[in-house]
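Q: Hey, I've got this model open and I'm a bit lost. Can you walk me through it?

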Amino acid sequence: MSKLRISKVLVLRHLAFLWHLDFDLWISFQKMKFLADRTLGKLAKGLRMLGYDTLYYRGEDIHQLIHLAREEDRVILTRDTKLALRRPKDRIVTITEDLPSRQLKEIIQKATLSLNEEILYTRCLLCNDPIDPIPRKEAEGKVPDFIFMQQKDFYRCSKCGRIYWQGSHLGNMQKKVKELIGNFKESEIKYFI
Ligand SMILES: [Zn+2]
């Protein structure tokens with residue numbers, strides 16, 4: 001186990017070196033948490049689908065947005081092009097794309113996020129909480145019968161109780177994520193998905 005962990009770290013260090021990135025900084029990107037403002041609800045869901053801890057702030061109070069981001073050490077995502085200029089000390093990523101799928105690509109590129117299969121589809125899209133595996137029989141009667149017959153593994157959000165299964169993240173967003181992954185070069189995919 002420890003051997004595996006060491007080799008993984010070595011691989012990551014090597015990759016960071018190849019990409020001229022500071023390793024510690026690069027690792028911090030992998031643990032990045034986000035706070036999407038009221039204009040970026042779909043992007044928040046997309047990031048949760050990729051496994052990134054992302055809160056969605058529906059309010060309009062910029063001070064509260066900044067306060068929440070500072071308190072929880074989150075990177076603010078906004079479409080407000082002036083916010084980053086007004087708040088140079090805060091970590092703010094300005095999203096310029098209109099379509100959620102393009103916004104997802106934009107944040108992946110701007111924040112240098114990796115598409116890590118280990119965390120892909122591990123969060124509730126509604127609550128942002130991690131989802132946990134449940135015994136199959138607990139899903140019976142709570143999901144459509146044909147889904148229950150088809151699927152082997154089920155997961156539940158401990159906060160809202162929503163049940164997930166492989167494919168339940170399907171739909172436009174998952175298709176977009178797949179397209180996104182497809183757009184990455186093979187050498188990058190090999191290590192990260
Ligand atoms: Zn939930």
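Q: How many residues does the largest nonpolar core have?
A: The largest nonpolar core has 22 residues. By nonpolar core I mean a set of buried Ala, Val, Leu, Ile, Met, Phe, Trp, Tyr and Cys residues joined through C-beta atoms within 7 Å. This is a predicted model, where local features need pLDDT of at least 70 and side-chain atom pairs count only at pLDDT 80 or more, while totals for chains, interfaces and linings use all residues. Residues are numbered from 1 along each chain as its sequence is written.

Q: Which residues have the most contacts inside that core?
A: Phe-34, Leu-35, Ala-36, Leu-43, Leu-47, Ile-76 and Leu-77. The elements that give two or more residues to this core are β1, α3, α4 (62-71), β3 and α6. The names come from DSSP runs, numbered from the N terminus: helices are H or I with at least four residues, strands are E with at least two.

Q: Which element gives the largest share of this core?
A: That's α3, with four residues.

Q: Why is α3 called largely enclosed?
A: Because seven of the nine residues of α3 (residues 41-49) are buried, the rest of the structure largely encloses this helix. Buried means that 20 or more other C-beta atoms lie within 10 Å of a residue's own; exposed means 12 or fewer, and partly exposed is in between, with C-beta atoms placed from the backbone. The buried ones are Leu-43, Ala-44, Lys-45, Gly-46, Leu-47, Arg-48 and Met-49.

Q: Ok, and what does Leu-47 touch?
A: Leaving out residues up to four places away in sequence, Leu-47 touches Phe-34, Tyr-52, Thr-54 and Ile-107. Touching means that the C-beta atoms, placed from the backbone, lie within 7 Å.

Q: Which strands does α3 lie across?
A: α3 lies across β1, β2 and β3, and runs at about 160 degrees to β2. Those angles run from 0 to 180 degrees between N-to-C directions, with axes fitted as lines to C-alpha atoms, for helices over the stretch in contact.

Q: New topic, the sheet. What's the strand order?
A: It's an open sheet of four strands in the order β2-β1-β3-β4, with parallel pairing. Strands count as paired if DSSP finds at least two bridges between them. β2 (54-56) and β4 (92-94) are at the edges with a single partner strand each, so one side of each has no neighbour in the sheet.

Q: How do β1 and β3 pair?
A: β1 (residues 34-36) and β3 (residues 75-78) are parallel, over three bridges. Phe-34 sits opposite Val-75, and Ala-36 sits opposite Leu-77. On to β4: three bridges join β3 to this strand, also in parallel, and the partner of Leu-77 there is Val-93.

Q: Which way do the β3 residues point?
A: Val-75 and Leu-77 point one way, Ile-76 and Thr-78 the other way, and all are buried.

Q: And which residues of α6 are buried?
A: Gln-103, Leu-104 and Ile-107. Looking down the axis of α6, they fall within an arc of 105 degrees, so they line one face of the helix. The arc is taken from the directions from the helix axis to the C-beta atoms.

Q: Last one: is Asn-128 buried or exposed?
A: Asn-128 is buried, with 20 other C-beta atoms within 10 Å. Asn-128 is in the loop between α6 (100-110) and β5 (131-134). Its C-alpha atom is separated by 6.8 Å from that of Leu-55, 73 residues apart along the chain.

Key: Two residues are in contact if their C-beta atoms, placed from the backbone, lie within 7 Å.
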